[in-house]
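I opened this model to look up how its parts meet. My entries follow the order in which I checked things.

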There are 2 protein chains.
Amino acid sequence: MMLINGQPSDSVSALDRGLSYGDGLFETIRFEQGAAPLWARHMQRLVAGCERLRIPQPDAELLWQEAQQASGGQTRFVLRITVTRGLGERGYAPPAVALPTRIVAAFPVPVISNELYTDGIRLHRCRTMLADQPLLAGIKHLNRLEQVLARAEWSDPGFGEGLLCDSHGHAISATAANLFAVVDGVPVTPALDRCGVAGVARAEMLAAFPQCQVRDLPLGEALRASELFLSSSVRGILPVQAVGDNVYAPGPVGRAMQQHWLDLGFRDALAYSTRPA
Amino acid sequence: MMLINGQPSDSVSALDRGLSYGDGLFETIRFEQGAAPLWARHMQRLVAGCERLRIPQPDAELLWQEAQQASGGQTRFVLRITVTRGLGERGYAPPAVALPTRIVAAFPVPVISNELYTDGIRLHRCRTMLADQPLLAGIKHLNRLEQVLARAEWSDPGFGEGLLCDSHGHAISATAANLFAVVDGVPVTPALDRCGVAGVARAEMLAAFPQCQVRDLPLGEALRASELFLSSSVRGILPVQAVGDNVYAPGPVGRAMQQHWLDLGFRDALAYSTRPA
């Protein structure tokens, strides 16, 4: 079910600036047993994005109520919240007083086999490079053509995700997940001040595992890592099994983060918690 | 009046990938006395954009018919055509078979005083820098947050446009127009292979004035130009009067391009053609 500005509807004005210019933000939030363990972090990022784009902030309390309504009684779903700058005249100038559009919709949780959680996924190495744009880096805005182009590079279902770099040869992320690498025994996740989306699952793991470093991660270092895994607020922690000829085995850091994910209340891949690392 | 996929309507699905990811393209096409002198160039750019993003191309003949219908009998208007990849499931992966969404809508032509065409406009120097993304450069896609941020930098109506640079200190364009500078007697317009939109009015002027150079244009060179002016398929050729403390007088190259614009059939700023340059 979908709500637009609080009303059941499945369409928006063709003059919405979200459509005209991608002038807005979104969040995809996983609900489990009616709870959204990372809700506060999603709201925090949404507010930060609104501040960056100077879009009036939506009321988090109202969004929570609308999430309940959109769920239609389901307790396990992915909620997408989209906030745009609303209607606009033709032209880039933002209206002096914006009346944002709020879209709240529930979707099924994607099915990911336990095997992928236990053994890991293979990554396609994307040719698409993320552009440096510090003004837009980190926030989850609606200008996502880079991710669309990167994701369109492969259709082989054998690849579970793609590895994206910036134009300086730094590993940045997957198309829809963040990247962690264990380098010389230290967990590292790429700095995202010039490109990339600062994921909510990443933020949760950084808070729970303060030994993680956030820094530039040259691709070579990432490929030589002893562990490589992805974080996503929808899919949780996914070990990487291979990038091209480089192969990886799931290791203790990724397993600990998977356990933390389960401890948050997400019911994924229970298998891995009962198998030895 | 607005047509969505050929039907009178003013709304699109909230699941359209144009809204979700800015996954699409647009054109704004000026009609004058029922004709669109740059129609063929607009269609050419739209097709190039569709090829780049691998969106099925719309039928130009059909778009022309829909333009007539959307005009509602007006003969002078700006037509916006938006083409998106259409509906999508959640996730960046493009659907194997895309059914594009086509939005055709007519808007009034913005009123620009003769004074601005004769004496020129002042430019705000934007702090927002355009990111290098060769995969998206040149085409008129829907990911326009950089332009929105740049345009939001000023509200003083004394500025008619903003001057945008890339991160290497090259002048690139205005927020919604292309840039020409006369440097050492030679007209130059910035190369747009890493960022910027390759404007249709720019293409027309390059064809009509083959002495123009297309190359990287360091900001310093642009500011020292003997003439500076903008090209836009909606607003035509607008001289630049000032960028900060740098002042410019309209000169023979810009005047010749303004005359060419009039010769195409656009009825703007007839005053300047009767005044000495």
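**Ground rules.** I am working with a predicted model, where local features need pLDDT of at least 70, side-chain atom pairs count only at pLDDT 80 or more, and totals for chains, interfaces and linings use all residues. Residues are numbered from 1 along each chain as its sequence is written, chains are lettered from A in the order in which they are written, and side-chain values use heavy atoms, with hydrogens and water left out.

**Symmetry.** I laid chain A on chain B and got an RMSD of 0.0 Å. The superposition was by least squares on the C-alpha atoms of residues with pLDDT of at least 70 in both copies.

**Chain A against chain B.** I looked up the contact (heavy atoms within 4.5 Å). It takes 55 residues from chain A and 55 residues from chain B. The buried area is about 4200 Å², with 69% from carbon and sulfur atoms. That area is the accessible area (1.4 Å probe) that two parts lose on being put together, summed over both. In chain A, R90(A), Y92(A) and L145(A) lose the most area to chain B, together 20% of what that side buries.

Which polar pairs did I find across this interface? I counted 17 residue pairs in polar contact, both residues at pLDDT 80 or more. The rule wants a pair of N or O atoms within 3.5 Å; within protein, one must be able to donate a hydrogen and the other to accept it, and residues adjacent in sequence count only if both atoms are side-chain atoms. Salt bridges between chain A and chain B number 0. Helix α5 (residues 145-151) of chain A gives the largest share of the side that touches chain B, 6 residues. Helices (H or I, at least four residues) and strands (E, at least two) are DSSP runs, numbered from the N terminus.

**Domains of chain A.** The assignment gives domain 1 (2-107) and domain 2 (114-274). Such bounds come from an automatic or database domain assignment. Their centres, taken over C-alpha atoms, are 25 Å apart. I find 26 residues of domain 1 in contact with 27 residues of domain 2. They bury about 2100 Å² between them, 61% of it from carbon and sulfur atoms.

I then looked for a salt bridge (a side-chain nitrogen of Lys or Arg within 4 Å of a carboxyl oxygen of Asp or Glu). The rule finds 1 across the domain interface. The side chains of E204(A) and R41(A) meet in a salt bridge at 2.8 Å, N to O. On the domain 1 side, α2(A) gives the most, with 7 residues.

**Salt bridges overall.** One entry is E27(A) with R45(A), at 2.6 Å, N to O. E27(A) lies in strand β4 of chain A and R45(A) in helix α2 of chain A, so the pair ties together parts 18 residues apart in sequence.
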